[in-house]
Amino acid sequence: QVQLVESGGGLVQSGRSLRLSCAASGSIAEINDMGWYRQAPGKQRELVATISPSGSANYGDPVKGRFTIARDNAKNTVYLQMNSLEPEDTAVYFCNTKVRLSVFSRWIDYWGQGTQVTVSS
């Protein structure tokens, strides 16, 4: 199976920065897109950012210009640098990746357990 281990969440003041990391491990043959989603209390889960194996990134509108996603393919790790944080960014952040367990198998979505990010005003 595949495990996603997230780190880097916490409590920070408005305007400050945080960096999230997510490492994928297990019986992985190939990783496709990696990304981050978030869910605030009472709201639906929303896209934060995704990145392809070649480094092409896609961002949700609320974070464009403030957040940067990156990945290290050798380490099966995705990062999210969050700058100019706002109280509206408070949410549980979930790591997501699409993985094949063999070159002949289908792509499977895996999710991390989530890491809390709280931004105080």
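This is a predicted model: local features need pLDDT of at least 70, side-chain atom pairs count only at pLDDT 80 or more; totals for chains, interfaces and linings use all residues.
**Exercise 1. Overall architecture**

Describe the secondary structure and the overall dimensions of the protein.

Solution. 
- Step 1: the element count is 11 strands and zero helices. In sequence order the pattern is β-β-β-β-β-β-β-β-β-β-β.
- Step 2: the radius of gyration is 14 Å, close to the 14 Å that the globule rule gives for 121 residues, so the protein is as compact as a globular protein of that length.
- Step 3: the C-alpha trace spans about 50 × 25 × 20 Å along its principal axes.
- Step 4: of the 121 residues, 38% are buried. The accessible surface is about 6500 Å², and carbon and sulfur atoms account for 47% of that area.
- Step 5: take the contacts between residues at least 6 apart in sequence; 55% of these join residues at least 24 apart.

**Exercise 2. Charges and salt bridges**

How many salt bridges does the protein have?

Solution. 
- Step 1: the charge inventory is 12 positive and 10 negative side chains, with the centres of the two sets 3 Å apart.
- Step 2: side chains of opposite charge can pair when their charged atoms come close. The cut-off for a salt bridge is a nitrogen to oxygen distance within 4 Å, and the count under this rule is seven.
- Step 3: in the pair Lys64 and Asp61, the closest N and O atoms are 2.9 Å apart. Asp61 is exposed, at a relative accessible area of 60%.
- Step 4: Glu86 and Arg66 form a salt bridge with an N to O distance of 4.0 Å. This pair links distant parts of the chain, 20 residues apart: Glu86 is in the loop between strand S8 (77–82) and strand S9 (91–100), and Arg66 is in the loop between strand S6 (57–59) and strand S7 (67–72). Glu86 is partly exposed at 32% relative accessibility, whereas Arg66 is buried at 12%.
- Step 5: Asp109 pairs with Lys98, and their closest N and O atoms lie 3.3 Å apart.
- Step 6: through shared partners, salt bridges join Arg38, Glu46, Arg66, Glu86 and Asp89 into one network. The pair from Step 4, Glu86 and Arg66, therefore belongs to a network of salt bridges.

**Exercise 3. Surroundings of Thr50 and Ala57**

Which residues are in contact with Thr50, leaving aside its neighbours within four places in sequence? Repeat the analysis for Ala57.

Solution. 
- Step 1: Thr50 belongs to strand S5 (residues 46–51). At 15% relative accessibility it falls under the 20% cut-off, so Thr50 counts as buried.
- Step 2: with neighbours within four places left out, the contacts of Thr50 are Met34, Gly35, Tyr37, Ser56, Ala57, Asn58 and Ile69.
- Step 3: Ala57 lies in strand S6. The relative accessible area of Ala57 is 36%, and the residue is partly exposed.
- Step 4: under the exclusion used in Step 2, Ala57 is in contact with Thr50, Ile51 and Ile69.
- Step 5: Ala57 and Thr68 are 11 residues apart along the chain, and their C-alpha atoms are separated by 8.6 Å.

Conventions
Residues are numbered from 1 along each chain as its sequence is written. Side-chain values use heavy atoms; hydrogens and water are left out. Helices (H or I, at least four residues) and strands (E, at least two) are DSSP runs, numbered from the N terminus. The radius of gyration is taken over C-alpha atoms; the globule rule is 2.2 Å times the number of residues to the power 0.38. Buried means under 20% relative accessible area, exposed over 50%, partly exposed in between (1.4 Å probe, protein chains only). Contact means heavy atoms within 4.5 Å. Accessible areas come from the Shrake-Rupley method with a 1.4 Å probe; for residues, only the protein chains shown count as cover. Lys and Arg count as positive and Asp and Glu as negative; His and the chain ends are not counted. The place of a charge is taken as NZ of Lys, CZ of Arg, CG of Asp or CD of Glu. A salt bridge is a side-chain nitrogen of Lys or Arg within 4 Å of a carboxyl oxygen of Asp or Glu.
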